[in-house]
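Subject: Structure for your review

Dear colleague,

Please find below the structure that I am handing over to you. My notes on what was found in it follow.

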Amino acid sequence: MEEEKSEHAERDKFGREMHDAVCSDCGKKCQVPFKPMEGKPVYCRECFQKHRKPRHEGSRRW
Ligand SMILES: [Zn+2]
């Protein structure tokens, strides 16, 4: 278990706080613009797209 006492937050170019996370799907390290919560899966950008309910079939924008 890794626990960081200090808030490790970086900001992306849009000024959003980015939090380190590990993708629950592919296991890659990624950063998410929200605080990852315990017990809640976090997905990297690619997997997020995969897991999100597609509104349009076959839309691949990444
Ligand atoms: Zn992933």
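What is the mean pLDDT of the chain, and what percentage of its residues reach 70 or more? The mean is 81, and 71% of the residues reach 70 or more. Please bear in mind that this is a predicted model. Where pLDDT is low, the predicted coordinates should not be read in detail.

Of its 62 residues, 6% count as buried. Among contacts between residues at least 6 apart in sequence, 4% join residues at least 24 apart.

Strand β2 (residues 17-22) pairs with strand β3 (residues 29-32) in the antiparallel sense, over four bridges. Within β3, cysteine 30 is the bridge partner of alanine 21. The hairpin formed by β2 and β3 has six residues between the strands, and glycine 27 in this hairpin takes a positive phi near 80°.

The loop between β1 and β2 holds glycine 15. Glycine 15 counts as exposed because 6 other C-beta atoms lie within 10 Å, and a residue with 12 or fewer is classed in that way. Glycine 15 is 18 residues from proline 33 in sequence, and their C-alpha atoms are 9.8 Å apart in space.

Yours sincerely

How values were computed:
Residues are numbered from 1 along each chain as its sequence is written. This is a predicted model: local features need pLDDT of at least 70, side-chain atom pairs count only at pLDDT 80 or more; totals for chains, interfaces and linings use all residues. Two strands pair if DSSP finds at least two bridges between them. Helices (H or I, at least four residues) and strands (E, at least two) are DSSP runs, numbered from the N terminus. pLDDT is the predictor's confidence in each residue, from 0 to 100. A residue is buried if 20 or more other C-beta atoms lie within 10 Å of its own, exposed if 12 or fewer, and partly exposed in between; C-beta atoms are placed from the backbone. Two residues are in contact if their C-beta atoms, placed from the backbone, lie within 7 Å.
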